[in-house]
Amino acid sequence: MKNHLLISLTIGIALSVAALYFTFRNVPLGDLVVYLGSINYVWVIPATFLVLLSFFVRALRWQFILASTHKIGIWPAFHPMMIGFMINCIFPGRLGEFARPAILQKKEQVPFGTGIATVAAERVFDVAALVTFAVITLTAIDINPEVQIVFGNFQLNRATLEILFNRIILMGILLMIGMIAVSIPSIRRAIHQLILALPLLFIFASETTKTKIRVKACEPLTRFVDNIAKGFTLVKHPQKIIICSIYSLLVWIIAAFSYYAFSFGSPGVQLTFTEMFAVMVIICLFIALPSVPGFWGLWEAGGVFAMSLFGTSSDVAAGFTLANHAVQMFPVIVVGFVSAIITSVNIWQLSYEKKSAKA
């Protein structure tokens, strides 16, 4: 047992070092080091605590969504979630969203379709909360159309914000329509019939081949659709939707307090909580654009743009945003690796499997 733990710890440390290298290879480390040298480190502690608290509330929300079909403890929900977010920080393509249900299936015997549906349901609540906050932010703040920051092929300005805002609303509407559609029995039966009719498209295939396709592919696919529907059971209970909405608001408010707490130790940053909340929302809108894992670079550009709206100088905004980004990411990566060690999950194998599954 001791050898097993030692090996797991050694592998975990080696993977952590590799992950941090891949995460920060796109970061101007010189600027980060200089600004970190001027920060009062006492404020990093409450900021980090609030980051982890927001993720714990996320785990409570996911546990609550899962409870409609499978009751699991808070830690069996927390560890896969942290591993998933950690993978999102170091691998492209948001592979962590697929890793979470895969781990849940392996550890708690929750069908993959049900798990991925609950992750999608979480995203709907996140999108709804973000849209609500974005409406308030864009209405309350007079954003000068002339203010813009160039980042790679993107021009970050008010027009870009509005385009991203509209895309997020569209994504939220499509997810919501999908959730409701799959949850309605008559629509689900129609989907089943369409899937089971797919072998008829192979008009030159023999009846034996069509039967094999139906048994090997179509019937498992219908069961997958049923499992997805189970993950969306929540939509049938308005009271549970309200509770999940409250969880979602708490997640974002606590995250904003993390930004705000860190600003107390950051020289030159004098924003109110409301202004810092707006900065967080604008960053979240900008990182919807394609970027490297962990959103490095695009996060900083969005932060500088947002803080410039409140009169913060570009130098201070760049230093604060870069350091705050590290404060937001480091705890997720570290706790994610600890969760992987505790649950004996092989992250690299899991990521490879998910890449193969997507391909």
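**Close-up 1. The largest nonpolar core of this predicted model has 89 residues.** If you want to know who has the most contacts inside this core, look for Met 81, Leu 161, Trp 252, Phe 262 and Met 280. Helix 13, which spans residues 314-343, gives the core its largest share, with 13 residues. There's also a second, separate core of 15 residues, and Ala 121, Val 225, Ala 229 and Leu 234 are among its members. Here's a handy rule for views like this one: in soluble globular proteins, nonpolar side chains tend to be buried together.

**Close-up 2. Here we zoom in on Phe 262 and the residues it touches.** Which residues does Phe 262 contact, once we leave aside its neighbours within four places in sequence? The list includes Ile 39, Trp 43, Val 44 and Ala 47. It also includes Phe 320, Ala 323, Asn 324 and Val 327.

**Close-up 3. Helix 6 (residues 112-140) meets helix 7 (residues 158-183).** The two axes come within 9 Å and cross at roughly 145°, and the crossing is left-handed. On the helix 6 side, look for Ala 121, Arg 123, Val 124, Val 127, Leu 130, Val 131, Ala 134, Val 135 and Leu 138. Helix 7 answers with Arg 158, Leu 161, Phe 165, Ile 168, Ile 169, Met 171, Gly 172, Leu 175, Met 176 and Met 179. Sort the residues of this contact by type and you get 16 nonpolar, one polar and two charged.

**Close-up 4. Helix 7 runs into helix 8, and their axes cross at roughly 85°.** These axes come within 5 Å of each other. Ala 181, Val 182 and Ser 183 of helix 7 touch Pro 185, Ile 187 and Arg 188 of helix 8. By type, that makes four nonpolar residues, one polar and one charged.

**Close-up 5. Helix 8 pairs up with helix 9, and their axes come within 9 Å.** They cross at roughly 160°, so helix 8 is roughly antiparallel to helix 9. This crossing is right-handed. From helix 8 come Arg 188, Ile 191, His 192, Ile 195 and Leu 196. Helix 9 brings Arg 214, Cys 218, Glu 219, Leu 221, Thr 222, Val 225, Asp 226 and Ala 229. The tally for this contact is seven nonpolar, two polar and four charged.

**Close-up 6. Ile 191 sits in helix 8 (residues 185-196).** Ile 191 counts as partly exposed because its relative accessibility is 26%. Its C-alpha atom is 9.8 Å from that of Ala 181, a residue 10 places away along the chain.

Close-up 7. Setting aside residues up to four places away in sequence, Lys 210 touches Pro 199, Phe 202, Ile 203 and Ala 205.

**Close-up 8. Gln 109 lies in the loop between helix 5 (96-108) and helix 6.** Most residues other than glycine have a negative phi. Gln 109 isn't a glycine, yet its phi is positive, at about 60°. With 58% relative accessibility, Gln 109 counts as exposed.

Note on methods. Residues are numbered from 1 along each chain as its sequence is written. This is a predicted model: local features need pLDDT of at least 70, side-chain atom pairs count only at pLDDT 80 or more; totals for chains, interfaces and linings use all residues. Side-chain values use heavy atoms; hydrogens and water are left out. Axes are lines fitted to C-alpha atoms, for helices over the stretch in contact, and angles run from 0 to 180 degrees between N-to-C directions. Helices (H or I, at least four residues) and strands (E, at least two) are DSSP runs, numbered from the N terminus. A crossing is left-handed if the near helix is turned anticlockwise from the far one by less than a right angle, and right-handed if clockwise. Contact means heavy atoms within 4.5 Å. Ala, Val, Leu, Ile, Met, Phe, Trp, Tyr, Cys and Pro count as nonpolar, Asp, Glu, Lys and Arg as charged, and the others, Gly among them, as polar. Buried means under 20% relative accessible area, exposed over 50%, partly exposed in between (1.4 Å probe, protein chains only). A nonpolar core is a set of buried Ala, Val, Leu, Ile, Met, Phe, Trp, Tyr and Cys residues joined through side-chain atoms within 4.5 Å. Angles under 35 degrees count as roughly parallel, over 145 as roughly antiparallel, 65 to 115 as roughly perpendicular and the rest as oblique.
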